[in-house]
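Here is a short report on one protein model.

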Amino acid sequence: MPDEFEDHEAALQDYVDSTDPGLVAQLAGELRELLALPAEELDYVTGLAELGLEVEPPVPLSTVGWLVEMARAVDRHRPRGRGL
């Protein structure tokens, strides 16, 4: 990401702008479901690594803190209306 985007917000905006609105809404729901699991920080770090995601949350966020912020940000950007 650092080579392509200025920061996480720019990367998210690019994703939202270039992705089907239904998939953005699906991601918002999946992030909320993920965060509702009874998991610890290490569980999230391990799970993301097993999915092949190299996550370096922006300082001062932990991996869980970053996931919470991403869930909020995606939810702010997701399409409204049409029963979503």
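On one side of α1, Asp-17 and Ser-18 are exposed. Exposed means over 50% relative accessible area, buried means under 20%, and partly exposed lies in between (1.4 Å probe, protein chains only). The buried residues of α1 are Ala-11, Leu-12 and Val-16. Seen down the helix axis, these buried residues fall within an arc of 135°, so they line one face of α1. The arc is taken over the directions from the helix axis to the C-beta atoms. The cover over the buried residues of α1 includes α2 and α4.

This is a predicted model, in which local features need pLDDT of at least 70, side-chain atom pairs count only at pLDDT 80 or more, and totals for chains, interfaces and linings use all residues. Residues are numbered from 1 along each chain as its sequence is written, and side-chain values use heavy atoms, with hydrogens and water left out.

## Overall fold

The protein chain has four helices and zero strands. Their order from the N terminus is α-α-α-α. Helices (H or I, at least four residues) and strands (E, at least two) are DSSP runs, numbered from the N terminus.

The protein chain has 84 residues, and 25% of them count as buried. Take the contacts between residues at least 6 apart in sequence: 55% of these join residues at least 24 apart. Contact means heavy atoms within 4.5 Å.

## The largest pocket

What is the volume of the largest pocket? The value is about 740 Å³. A pocket is found on a 1 Å grid over the protein atoms alone, as an open set of points where a 1.4 Å probe fits, with protein on both sides within 12 Å along at least five of seven lines. Lining residues have an atom within 4 Å of a point. Grid points are joined across faces, edges and corners, and the volume is the space filled by probe spheres set on the points.

The lining of the largest pocket holds 23 residues. Leu-48, Leu-53, Val-55, Trp-66 and Met-70 lie nearest the pocket centre. The elements that give two or more residues to this lining are α1 (8-18), α2 (21-36), α3 (41-50) and α4 (63-77). By class, the lining has 18 nonpolar, two polar and three charged residues. Ala, Val, Leu, Ile, Met, Phe, Trp, Tyr, Cys and Pro count as nonpolar; Asp, Glu, Lys and Arg count as charged; the others, Gly among them, count as polar.

Ala-28 sits in helix α2. Ala-28 is buried, with a relative accessible area of 1%. Ala-28 and Arg-72 are 44 residues apart in sequence, yet 8.0 Å apart in space, C-alpha to C-alpha.

Helix α4 holds Ala-71. Ala-71 is buried at 9% relative accessible area. Leaving aside neighbours within four places in sequence, Ala-71 is in contact with Leu-31 and Leu-35. Ala-71 and Leu-34 are 37 residues apart in sequence and 9.7 Å apart in space, C-alpha to C-alpha. Thr-63 also belongs to helix α4. Thr-63 is buried, with a relative accessible area of 10%. Not counting residues up to four places away in sequence, Thr-63 touches Glu-41, Tyr-44, Val-45, Leu-48 and Pro-57.

## Salt bridges

How many salt bridges does a search of the whole structure find? There are two. A salt bridge is a side-chain nitrogen of Lys or Arg within 4 Å of a carboxyl oxygen of Asp or Glu. Side chains of opposite charge can pair when their charged atoms come close.

Arg-32 is partly exposed at 43% relative accessible area. Asp-75 is partly exposed at 24%. Another salt bridge joins the side chains of Arg-72 and Glu-69 (3.0 Å, N to O). Arg-72 and Glu-69 are three residues apart in helix α4, so about one helical turn separates them. Arg-72 is partly exposed at 49%, and Glu-69 is partly exposed at 34%.

## A cis peptide bond

Val-59 and Pro-60 are joined by a cis peptide bond, with omega about 10°. Pro-60 lies in the loop between α3 and α4.
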